[in-house]
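Welcome! Here is a short briefing to read with the sequence and the 3D view open beside you. Take a moment to turn the picture around before you go on.

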Amino acid sequence: MQPFKKCFFWALCVLLSTGPICAANDRLVIEENQGKALLIYNIAKFTEWPAATASSDTPFNFTLWNDNALADAFQIIEGQETQGRKVKINRQNKDSIAVDCQVIVIPKQQLQRFIKARDELDKLPILTVTTEPNVFEAGAMVLVEVVDDHLAFSVNLAAVKASGLEISGNLLRHAEEVKF
Amino acid sequence: MKTIKNYLLAYLFLAMGLSAFGQTPPVDLANMSLGDLLNAKIIRSYSDHAAFKTGGQGAPLGYLDSSRFHFSTSYIKVRFDGYMDGTDDLSLGEVLLSGGTQTDKNFPIVPTVITQEATQFKTAYTLSEQITLSLSIPYIRQSSEHISNKDGFEEFTIVSEGLGDIETAISWFKQLDNNNHLLLSLGISLPTGSIDETGDTPGPGRDNQLPYTMQLGSGTYDIKPSINYFGVAGDWTYGADLNMTLRTGKNDRDYRLGNVYQAGIWTRYALTDWIQPSFRIDGVVWDKISGKDTDLPYNPVTDRYPAAVVKPDNFGGTKLLALVGLRLKDPRGRLENTFLEFEAGAPFYQDLNGPQPSEDWRFSASFVLSF
């Protein structure tokens with residue numbers, strides 16, 4: 001009985017110690033806002049801006065509009081490089097919309113202001129991204145959300161093209177929904 | 001010695017395992033591939049929690065946002081004015097004994113207006129994504145105006161104030177899906193509020209034991225389970241809750257206040273970013289007092305009490321309340337997780353074990369700060 005107990009004890013130790021390692025390695029675990037920030041950054045990598053607006057000596061601006069929690073998460077990509085330019089994170093804590101950027105993230109509470117500014121934005125090469133379905137329905141180009149326990153995104157391709165941007169087909173094939 | 005070595009090795013194995021469980025292997029997140037990112041398991045951000053939109057009376061404090069520490073202070077005032085027996089209103093003339101023989105429906109002393117005020121300080125700490133601990137400390141002030149047929153006490157007012165029953169709770173949060181959430185809590189109320197408050201009432205001396213309604217605590221350890229559901233649909237937030245106060249044993253004065261069962265439904269609308277009106281219906285059922293404080297006046301010969309508020313059977317009942325509220329917040333900057341909320345309401349149905357003072361109205365104000 002003694003050897004059996006000893007074997008059982010060690011087997012239990014090994015199971016307890018290796019089980020979590022296996023579980024942890026199955027899927028990478030990311031906090032929601034950080035995941036959304038990374039996905040938006042990845043989407044920007046697969047997007048092409050009109051050549052006239054791309055200058056390698058100016059920063060590539062992401063604007064977070066009155067959303068400090070998400071802006072904090074975006075710090076993870078500050079200083080990274082995309083489109084040959086350094087990424088800069090701007091916090092727009094005013095009610096007016098920022099237009100001196102390449103990507104703007106629109107929160108739910110700015111829905112009405114976004115609707116008012118939409119005509120102006122449509123003429124500019126700015127990728128409008130949101131994490132709120134209502135804002136996407138109102139005309140934002142990209143919706144980033146959590147479905148069950150993973151990230152997903154949808155693209156309003158008609159709105160993207162209307163603003164002179166191009167999104168790679170390699171990105172679109174991963175989209176949950178593409179509006180034409 | 002060999003045994004100690006075995007245990008040390010075992011501990012090392014376990015420690016390695018647990019640390020692997022608690023950490024994500026280091027990854028250059030900024031350079032993750034799109035495929036890896038879309039395959040990653042996402043854990044919820046507190047800041048996007050629907051509970052963030054409930055707060056206040058709906059109030060799973062601690063699940064409000066991405067903050068770890070949450071403080072709130074709230075003030076509530078409840079005014080009782082008038083009497084009811086069952087669902088019937090009674091006049092003060094019907095309740096006050098003025099000549100004739102006392103029955104079990106009239107009394108020589110009648111509280112006319114009772115005001116209860118509570119200022120509550122609550123702190124919560126978010127232990128993990130699902131578990132929050134909280135501590136509530138109430139300060140209570142009560143006053144009661146009376147009329148009586150006793151000489152020298154035709155009109156008099158008594159007041160009691162001090163620390164109430166401190167409550168601590170643990171809450172467990174479950175996100176049912178993106179829009180629906182459940183919060184289960186289990187609290188315990190400690191008998192820190194006084195049940196020995198005295199005052200100058202008609203009696204043998206000047207420091208007589210005050211009625212049950214004027215005491216600051218229950219005197220018992222009370223179990224307080226609750227279930228809160230809340231959901232989001234566009235600009236609407238809605239929820240339902242069930243809260244219970246279950247008394248255990250009897251206090252040092254040999255009585256036990258009645259159990260309290262409260263159920264409510266509520267909704268809140270985000271009119272703008274900073275103003276959110278709400279509406280709530282609450283139902284409350286509470287039991288009679290069990291046992292008796294023998295220091296309170298009672299005539300065992302006639303089986304009569306001098307006031308309704310010292311008669312244990314004249315407690316308990318059912319009431320339904322309607323309440324309207326208004327939440328004010330600045331959704332931008334550092335104040336985005338802080339809000340001020342007002343709520344006021346009145347019962348629209350009361351069925352009381354009477355004669356019993358009936359509630360007239362209530363008002364509350366809450367300020368919630370998270371960081």
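Which residues have the most contacts inside the largest nonpolar core? They are Ile40(A), Phe74(A), Val103(A), Val105(A), Val129(A) and Val142(A), within a core of 49 residues. Keep in mind as you explore that this is a predicted model.

**Chain A as a whole**

- Chain A has 180 residues, and 37% of them are buried.
- Its secondary structure is made up of 7 helices and 11 strands.
- Take the contacts in chain A with a separation of 6 or more: 62% of them link residues 24 or more positions apart.

- As background, nonpolar side chains tend to be buried together in soluble globular proteins.
- The largest nonpolar core counts 49 residues, and Ile40(A) is among those with the most contacts inside it. Helix α2(A) gives the most to this core, contributing 7 residues.
- Look for Ile40(A) in the 3D view: leaving aside residues up to four places away in sequence, Ile40(A) touches Val103(A), Val105(A), Val129(A) and Val144(A).
- There is also a second, separate core, with 18 residues. Phe107(B), Leu296(B), Ala307(B) and Val309(B) are included in this second core.

**Helix α2 of chain A**

- Helix α2 of chain A covers residues 32-45, which is 14 residues.
- From its first C-alpha to its last, helix α2(A) reaches 20 Å, close to the 20 Å expected at 1.5 Å a residue.
- Is α2(A) largely enclosed or largely open? Of its 14 residues, 13 are buried, so α2(A) is largely enclosed by the rest of the structure.

**The sheet in chain A**

- Strands of a sheet pair through backbone hydrogen bonds, and the pairing is either parallel or antiparallel.
- Chain A holds an open sheet of 8 strands with mixed pairing, in the order β4-β5-β3-β6-β7-β8-β9-β11. Its edge strands are β4 (81-82) and β11 (177-179) of chain A, each of which pairs on one side only.
- Strand β9 of chain A (residues 150-156) runs parallel to β11(A), and 3 bridges join the two. In this pair, Val155(A) has Val178(A) in β11(A) as its bridge partner.

**Strand pairs in chain B**

- With strand β4 (residues 109-126) of chain B, it makes an antiparallel pair joined by 17 bridges. There, Gln116(B) has Gln142(B) in β5(B) as its bridge partner.
- β5(B) also pairs with strand β6 (residues 155-163) of chain B in the antiparallel sense, over 9 bridges. Within β6(B), Val159(B) stands opposite Ser143(B).
- β5(B) and β6(B) form a hairpin, with 6 residues between them. In the turn, Gly152(B) has a positive phi of about 80 degrees.
- Strand β7 (residues 167-175) of chain B pairs with β5(B) too, in the antiparallel sense over 6 bridges. The bridge partner of Leu133(B) in β7(B) is Ile170(B).
- Further along chain B, strand β8 (residues 180-189) and strand β11 (residues 222-233) run antiparallel and are joined by 10 bridges. Here Leu184(B) stands opposite Ile227(B) in β11(B).
- β11(B) pairs with strand β12 (residues 236-247) of chain B as well, in the antiparallel sense over 10 bridges. In β12(B), Ala240(B) stands opposite Tyr229(B).

**Backbone details to look for**

- Asn66(A) is not a glycine, yet it has a positive phi of about 50 degrees. You can find Asn66(A) in the loop between β3 (60-65) and α3 (68-74) of chain A.
- Asp303(B) is not a glycine either, and its phi is positive at about 55 degrees. Asp303(B) sits in the loop between β16 (290-291) and β17 (317-329) of chain B.
- Which of these is buried and which is exposed? Asn66(A) has 22 C-beta neighbours inside 10 Å, so Asn66(A) counts as buried. Asp303(B) has 8 C-beta neighbours inside 10 Å, so Asp303(B) counts as exposed.
- The peptide bond from Gly354(B) to Pro355(B) is cis, with omega near 5 degrees. Pro355(B) belongs to strand β18 (residues 339-370) of chain B.

Terms used:
Residues numbered from 1 in each chain as written. Chains lettered and ligands numbered in written order. Predicted model: local features only at pLDDT ≥ 70, side-chain atom pairs only at ≥ 80, totals over all residues. Helix = DSSP H or I, 4+ residues; strand = E, 2+ residues; numbered from the N terminus. Buried ≥ 20, exposed ≤ 12 C-beta atoms within 10 Å, placed from the backbone. Contact = placed C-beta atoms within 7 Å. Expected span 1.5 Å × (residues − 1). Core = buried A, V, L, I, M, F, W, Y, C linked by C-beta atoms within 7 Å. Pairing = 2+ DSSP bridges.
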